[in-house]
Amino acid sequence: MAAVRHFALGCCLLCSAAGIVRIFWPENGFKPVINTVLVLYILASALPMAAGADWGELGRQLRGWARQETAPATPQSYAHYAESLAREQCAAALRGTLADAGIRAEVALTPERCTVTVQSADDAARAGPIVAAACGKLPCTVTVEGGAP
């Protein structure tokens, strides 16, 4: 990459020098001639810079960049994310069902257990059948906030 930077810097400097000469060249019949001379000057100066560059090293670096690309994500890499998102959505749905029944509850859903925490024993009695129906085969526990199940 150093060779490309060196080559680009050289070309920029050459073009700048040619532009300065062109700006200060008087308007006369020799304007096309000086333009041609400046183009030849730029080409004659840039070709040795390009010939001296290590193009093999540049090619190796570019191939190295191509190999460093990461592999696309596979469905297995999203499995954990999908599982946690599904748990969050299930907990939110259960929380909404309990809210529709007039029960304020906190729901914690893990792969092993569903834990619902309500504010009173009366709410725990009403939430029991709702939670059992929603959780299916997943073991569930209804607890009273600050108390026992």
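I began with I103, which is buried at a relative accessible area of 2%, where buried means under 20% relative accessible area, exposed means over 50%, and partly exposed lies in between (1.4 Å probe, protein chains only). I noted that this is a predicted model, in which local features need pLDDT of at least 70 and side-chain atom pairs count only at pLDDT 80 or more, while totals for chains, interfaces and linings use all residues. Residues are numbered from 1 along each chain as its sequence is written, and side-chain values use heavy atoms, with hydrogens and water left out.

**Entry 1: the surroundings of I103**

I found I103 in the loop between α4 and β1 (105–109); helices (H or I, at least four residues) and strands (E, at least two) are DSSP runs, numbered from the N terminus. Which residues does I103 touch, not counting residues up to four places away in sequence? I listed L98, V118, D123, R126, A127 and I130, with contact meaning heavy atoms within 4.5 Å. I also looked up the pair I103 and D122, which are 19 residues apart in sequence and 9.5 Å apart in space, C-alpha to C-alpha.

**Entry 2: the protein overall**

I counted 5 helices and 3 strands in the protein, and reading along the sequence I wrote down the pattern α-α-α-α-β-β-α-β. Of the 149 residues in the protein, 23% are buried. Among the contacts with a separation of 6 or more, 54% come from residues 24 or more positions apart.

**Entry 3: α4 against α5**

Two packed helices are described by the angle between their axes and the distance between the axes. For helix α4 (residues 79–100) and helix α5 (residues 121–135) I noted an angle of about 150° and axes 11 Å apart; the axes are lines fitted to C-alpha atoms, for helices over the stretch in contact, and angles run from 0 to 180 degrees between N-to-C directions. This angle makes α4 roughly antiparallel to α5, because angles over 145 degrees count as roughly antiparallel, under 35 as roughly parallel, 65 to 115 as roughly perpendicular and the rest as oblique.

On the α4 side the contact is made by L94, T97 and L98, and on the α5 side by A127, I130, V131 and A134. By class I noted 6 nonpolar residues, 1 polar and no charged, where Ala, Val, Leu, Ile, Met, Phe, Trp, Tyr, Cys and Pro count as nonpolar, Asp, Glu, Lys and Arg as charged, and the others, Gly among them, as polar.

**Entry 4: α1 against α2**

I then turned to helix α1 (residues 2–24) and helix α2 (residues 31–52), which pack at an angle of about 165° with their axes 10 Å apart. The two helices are therefore roughly antiparallel to each other, and their crossing is right-handed. From α1 I wrote down residues including F7, L14 and V21, which belong to the set that meets α2 residues such as L38, I42 and M49. The contact of α1 with α2 has 13 nonpolar, 4 polar and 2 charged residues.

**Entry 5: single residues**

I placed A132 in helix α5, where A132 is partly exposed at 40% relative accessibility.

Notes: Left-handed = near helix turned anticlockwise from the far one by under 90°.
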